[in-house]
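Morning, everyone. I have one structure to take you through today. Please have a look at it first.

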Amino acid sequence: MPSFNQAHFLRRAIDSVLSQQGEFDLELLVMDGGSTDGSVEVLQSYGDRIRWVSQRDKGQSDALNKGIARTDGDVIGWLNSDDTYEPGALAAVAGVFAAEPQTGWVYGKVRFVDETGREIRRWITWYKNLRMRRYRYAKLLAENPICQMSVFWRRELGERAGEFPTDLKLATDYDYWLRLGRYAPGRFIDAYLGCFRLHGSSMTMTQVVPTLRAELDHAIRHAEGRYRAAILLHYLMFLRTAVIYTLMGVLNRIKRHYA
């Protein structure tokens with residue numbers, strides 16, 4: 001769990017992990033980037049129930065690389081400290097990996113919630129659920145419907161995919177799905193595994209269009225001159241979604257102005 005100055009949400013994220021039950025051994029490591037907002041006090045309050053490190057890092061990718069290297073589990077996932085897992089999520093994931101030795105990585109459904117935990121943007125959830133059901137690498141190159149907190153992979157597959165590049169600032173998760181997909185097909189779990197929190201200071205809310213552009217750039221790079229139809233479709237979807245979010249931003253500013 002990479003975290004930096006997220007004390008307001010951190011306890012909810014940790015509790016959503018520790019409350020998971022099932023036939024698996026659980027290891028939680030919080031990699032705090034030297035927070036100054038009370039996050040360390042939250043971490044200390046858990047005693048020996050969790051492991052944590054608080055020191056300055058070079059960003060989320062650096063925290064992930066260091067954190068994964070400090071763990072020894074066979075299956076890896078990461079949860080940002082402003083998001084949460086749904087009850088039963090890890091049991092569902094562990095069940096698939098135990099029953100399907102050939103499966104290298106999995107992903108599932110996610111709800112979007114606001115700062116208070118109220119579900120929002122159900123139309124986006126519906127669309128993502130529809131698009132992610134049938135996995136194909138070309139389809140993943142054309143669009144990223146997968147939310148980060150729903151993804152888990154076997155350690156040996158992650159070692160083949162490599163570390164998270166510390167020079168990538170946006171859409172690091174999508175870049176990693178594309179690298180995992182080079183070596184093994186993703187396996188969809190038809191269950192809600194997590195909640196993606198959208199709030200004013202989250203990168204998702206403040207960097208929407210640049211993130212979409214970064215996803216397109218990652219897809220072009222991973223396609224390596226192939227999958228031309230998928231890249232064209234991704235470009236068209238980028239234009240469509242960028243227009244939608246730009247209009248949403250304009251409407252929100254108008255509403256705030258006249259409120």
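Predicted model: local features only at pLDDT ≥ 70, side-chain atom pairs only at ≥ 80, totals over all residues.

Residues are numbered from 1 along each chain as its sequence is written, and side-chain values use heavy atoms, with hydrogens and water left out.

Cores first. A nonpolar core is a set of buried Ala, Val, Leu, Ile, Met, Phe, Trp, Tyr and Cys residues joined through side-chain atoms within 4.5 Å. Buried means under 20% relative accessible area, with a 1.4 Å probe and protein chains only. The largest core has 31 residues. Trp-105, Tyr-107, Leu-140, Trp-153, Trp-177 and Leu-180 touch the most other members. Elements giving it two or more residues are β6, α6, α7, α8, α10 and α11. Helices here are DSSP runs of H or I, at least four residues; strands are E, at least two; both are numbered from the N terminus. The largest share, five residues, comes from α8. A second, separate core has 30 residues, including Val-30 and Met-149.

Now the helix pair. How do α10 and α11 pack? Their angle is about 175 degrees, and their axes lie 9 Å apart. Axes are lines fitted to C-alpha atoms over the stretch in contact, and angles run from 0 to 180 degrees between N-to-C directions. The two are therefore roughly antiparallel, a label for angles over 145 degrees. Among the contact residues are Leu-212 and Leu-216 of α10, and Tyr-235 and Phe-238 of α11. Contact means heavy atoms within 4.5 Å.

Next, α3, residues 60–69. Its buried residues include Ser-61, Leu-64 and Asn-65. The buried residues of α3 pack against β1, β2 and α8.

That brings in Phe-164, in the loop between α7 and α8. Is Phe-164 buried or exposed? Buried, at 2% relative accessible area. Phe-164 touches Ser-61, Leu-64 and Asn-65, and also Trp-153, among others.

Last, Ser-39, in helix α2. Ser-39 is buried, at 0%. Its side chain makes a polar contact with the side chain of Asp-37, at 2.7 Å. A polar contact is a pair of N or O atoms within 3.5 Å; within protein, one must be able to donate a hydrogen and the other to accept it, and residues adjacent in sequence count only if both atoms are side-chain atoms.

How values were computed:
Buried < 20%, exposed > 50% of the residue type's maximum accessible area, 1.4 Å probe, protein only. Parallel < 35°, antiparallel > 145°, perpendicular 65-115°, else oblique. Lists of a residue's contacts leave out its neighbours within four places in sequence.
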